[in-house]
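Dear colleague,

I am handing over the structure we spoke about, and I would be glad if you could look it over. My notes on what was found in it follow below.

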Amino acid sequence: GVEGLLRFRHGERGILEPDSFIKTAELGGRIAKLTDFVLDQATQWCAVWQAAGWPLTVAVNLSKAGLGDLTLPDRAAALCEQHGLATGQLVFELTESSLATVATALLEVTTRLRLKGFQLSLDDFGTGYASLEELRSLPFNELKLDKQFVQAAGHDPRSRAILENACRLATELKMSTVAEGVETR
């Protein structure tokens, strides 16, 4: 996946990271437009890489507000079709903290995304609010292990145990795993 696609250059404050403007976009009712912009850019770049012989996937983070948008799956599928991509090349990442939203809307949107062939990744696993119930009931197909456990696994037995058991759990649930922050052998 590709991270860091969205940054804004501010005249006085320099480069702004998404954390500094996502909440404002959500509160101002502009998160759907921002999500569409990011999806359009992500699918365009994915198509460019595919044409160059690199059939990659691209990951897009979904905000908490975006999880209640029932039109998102159709809009994302249309963008994939427009750019000649399979929906499976687009991964929607949901952070554990975003799962503390309205359960009905969350289940509807995630189910619609999976039915259309998109991949769903539970991001930052181990640091938020996800319970085993969410892993059981929501249609995730990827578990993204947070870098704090990955980076500490080489020297901290407790972190290693958490990491190993999270991988074992993902395997049993037929989910792929992604380890963030791998910097050593």
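In this model, which is predicted, the side chains of E180 and K144 meet in a salt bridge, with 3.5 Å from N to O. This pair links distant parts of the chain, since E180 lies in the segment after β7 (176–179) and K144 in strand β6 (residues 142–145), 36 residues apart. Both partners fall under the 20% cut-off for burial, as E180 has a relative accessibility of 15% and counts as buried, while K144, at 5%, counts as buried too.

A search of the whole structure finds six salt bridges. R75 is partly exposed at a relative accessible area of 22%, and D36 is partly exposed at 26%. Another joins K116 and D74 at 2.9 Å, N to O, and connects the loop between α4 (103–115) and β5 (119–125) with helix α3.

As for the chain overall, seven helices and seven strands are present, and 39% of the 185 residues count as buried. Residues 24 or more positions apart account for 67% of the contacts with a separation of 6 or more.

Finally, the second largest pocket has a volume of about 150 Å³, and its lining, which includes H155, L163 and R185, divides into four nonpolar, five polar and two charged residues.

Definitions and conventions. Residues are numbered from 1 along each chain as its sequence is written. This is a predicted model: local features need pLDDT of at least 70, side-chain atom pairs count only at pLDDT 80 or more; totals for chains, interfaces and linings use all residues. Side-chain values use heavy atoms; hydrogens and water are left out. Helices (H or I, at least four residues) and strands (E, at least two) are DSSP runs, numbered from the N terminus. Buried means under 20% relative accessible area, exposed over 50%, partly exposed in between (1.4 Å probe, protein chains only). Contact means heavy atoms within 4.5 Å. On a 1 Å grid over the protein atoms alone, a cavity is a set of points where a 1.4 Å probe fits but cannot get out, and a pocket is an open set with protein on both sides within 12 Å along at least five of seven lines; lining residues have an atom within 4 Å of a point. Grid points are joined across faces, edges and corners, and a volume is the space filled by probe spheres set on the points. Ala, Val, Leu, Ile, Met, Phe, Trp, Tyr, Cys and Pro count as nonpolar, Asp, Glu, Lys and Arg as charged, and the others, Gly among them, as polar. A salt bridge is a side-chain nitrogen of Lys or Arg within 4 Å of a carboxyl oxygen of Asp or Glu.
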